[in-house]
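Visitor: I am new to reading protein structures, and I would like to go through this one slowly. Could you take my questions in turn and show how each answer is reached?

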2 protein chains.
Amino acid sequence: MSTTTTGPLTISAAAERVGLSADTLRYYERIGLLDPVPRTAAGQRLYGEPEMARLEMVMRLRGTGMPLHAMVEYTRLVREGDTAVAPRRAMLADQRARLLERMEELAATLRYLDRKIETYDTRLAALETG
Amino acid sequence: MSTTTTGPLTISAAAERVGLSADTLRYYERIGLLDPVPRTAAGQRLYGEPEMARLEMVMRLRGTGMPLHAMVEYTRLVREGDTAVAPRRAMLADQRARLLERMEELAATLRYLDRKIETYDTRLAALETG
DNA sequence: GCTTGCGTTGGAGTCCACTCCAGGGTGCAC
DNA sequence: GTGCACCCTGGAGTGGACTCCAACGCAAGC
């Protein structure tokens with residue numbers, strides 16, 4: 001029993017699965033963010049497990065605000081294989097550090113928003129009674 | 001004793017304080033994200049307490065990924081005064097909800113990155129001993 | 001009184017990340 | 001065999017958020 005027993009997906013199915021458009025998937029491949037995707041005899045793309053896993057990673061890193069060109073660089077390092085494992089680890093560690101900073105910043109903003117909303121509540125209450 | 005005893009700032013000083021460029025500050029004013037900033041007799045902008053407070057808010061909301069046009073709308077509501085307190089509160093509450101979602105997503109990504117980095121460490125160890 | 005360093009404007013240019021064609025192919029359903 | 005729904009390509013277009021520029025103004029220092 002494998003985790004997901006679905007076979008390879010067409011581009012539109014893959015796109016829907018990850019929440020992107022088919023155009024964006026082709027675009028990602030074009031700029032080298034994704035390795036060339038396997039094709040049918042007729043030349044249509046088929047997204048299998050490895051492609052979907054790479055896509056998940058791209059979506060995750062994208063969510064952290066990592067620019068596409070940095071992810072393209074990462075993809076290039078993946079193609080280099082074992083010789084580039086250390087720099088890849090370094091890139092991820094860097095991004096992890098940035099992510100932590102960002103999370104702290106967002107936590108601060110959450111507190112800021114809560115204070116702000118509270119003052120609005122006070123104002124609204126004053127307007128009602130006034 | 002006030003919190004910050006610095007007088008009004010020139011555009012470049014204000015820009016440096018918030019980590020933006022002077023051009024960006026002018027741009028924000030142009031698109032209506034900031035109300036017209038007070039000027040000297042010679043027409044140069046002076047950023048006082050209220051302007052800097054607005055800027056802090058803008059930076060915070062920007063950090064949550066709120067698009068500028070939404071913040072412009074918020075600014076418009078601020079200009080409307082008390083009649084628009086409720087919708088403003090609603091906008092902030094909305095953004096707060098989105099922020100929470102986003103924070104959870106980032107927490108998940110942090111876990112993802114940690115797993116990924118760990119597998120790289122394992123691989124690196126294997127490469128060394130191999 | 002002129003250089004230097006700040007500021008002003010309106011408008012054009014840039015970068016990023018898509019997004020949308022036009023023109024064409026493939027394969028299944030009827 | 002003809003719709004129809006999908007897919008393909010290269011290239012152009014879009015929207016957001018800046019960023020840069022030319023041409024100019026003002027004020028302080030030498």
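Guide: Let us start with a term: a helix here is a DSSP run of H or I that is at least four residues long, and a strand is a run of E of at least two. Please also keep in mind that this is a predicted model.

Visitor: How many helices does chain A have?

Guide: Going along chain A from the N terminus, the elements read α-α-α-α-α. No strands are found in the chain, and the count of helices comes to five.

Visitor: What is the radius of gyration of chain A, and why is the chain called more spread out than a compact globule?

Guide: Taken along the principal axes, the box that the C-alpha atoms of chain A fill is roughly 75 × 35 × 35 Å. For 130 residues the globule rule gives 14 Å, and chain A is well over that value, so it is more spread out than a compact globule, with a radius of gyration of 21 Å.

Visitor: Which share of the residues in chain A is buried?

Guide: A residue counts as buried when its relative accessible area is under 20%. The chain as a whole exposes about 7600 Å², of which carbon and sulfur atoms supply 55%. Among the 130 residues of chain A, the buried share is 37%.

Visitor: How far apart are the end C-alpha atoms of the span that UniProt lists as "coiled-coil region"?

Guide: The UniProt record, an unreviewed entry, places this feature at residues 89–116 of chain A. In the model that span is 100% helix and 0% strand, and its end C-alpha atoms are separated by 40 Å.

Visitor: And what is the helix content of the span listed as "domain: HTH merR-type"?

Guide: According to UniProt, again in an unreviewed entry, this feature covers residues 8–77 of chain A.

Visitor: Which residue of chain B does Gln95(A) touch?

Guide: Gln95(A) belongs to helix 5 of chain A, which spans residues 85–129, and with a relative accessible area of 4% Gln95(A) is buried. Its side chain makes a polar contact of 2.9 Å with the side chain of Thr64(A). Leaving aside residues up to four places away in sequence, Gln95(A) touches Leu61(A), Thr64(A) and Met66(A) and, from chain B, Leu113(B).

Visitor: Which backbone oxygen does the side chain of Thr75(B) reach?

Guide: Thr75(B) sits in helix 4 of chain B, residues 68–80, and is buried, with a relative accessible area of 0%. Not counting residues up to four places away in sequence, Thr75(B) touches Gly32(B), Leu33(B), Asp35(B) and Arg54(B). At 2.9 Å, the side chain of Thr75(B) reaches the backbone oxygen of Leu33(B).

Visitor: Is Pro50(B) buried or exposed?

Guide: Pro50(B) lies in helix 3 of chain B, residues 49–63, and its C-alpha is 9.9 Å from that of Pro8(B), a residue 42 places away in sequence. The cut-off for exposed is over 50%. With a relative accessible area of 52%, Pro50(B) is exposed.

Visitor: How far is Thr40(A) from Ser21(A), C-alpha to C-alpha?

Guide: Thr40(A) is found in the loop between helix 2 and helix 3 of chain A, where it counts as partly exposed at 29% relative accessibility. Thr40(A) and Ser21(A) are 19 residues apart along the chain, and their C-alpha atoms are separated by 20 Å.

Terms used
Residues are numbered from 1 along each chain as its sequence is written. Chains are lettered from A and ligands numbered from 1 in the order in which they are written. This is a predicted model: local features need pLDDT of at least 70, side-chain atom pairs count only at pLDDT 80 or more; totals for chains, interfaces and linings use all residues. Side-chain values use heavy atoms; hydrogens and water are left out. UniProt positions are given in the numbering used here, feature names are shortened, and annotations may be inferred rather than shown by experiment. The radius of gyration is taken over C-alpha atoms; the globule rule is 2.2 Å times the number of residues to the power 0.38. Buried means under 20% relative accessible area, exposed over 50%, partly exposed in between (1.4 Å probe, protein chains only). Accessible areas come from the Shrake-Rupley method with a 1.4 Å probe; for residues, only the protein chains shown count as cover. A polar contact is a pair of N or O atoms within 3.5 Å; within protein, one must be able to donate a hydrogen and the other to accept it, and residues adjacent in sequence count only if both atoms are side-chain atoms. Contact means heavy atoms within 4.5 Å.
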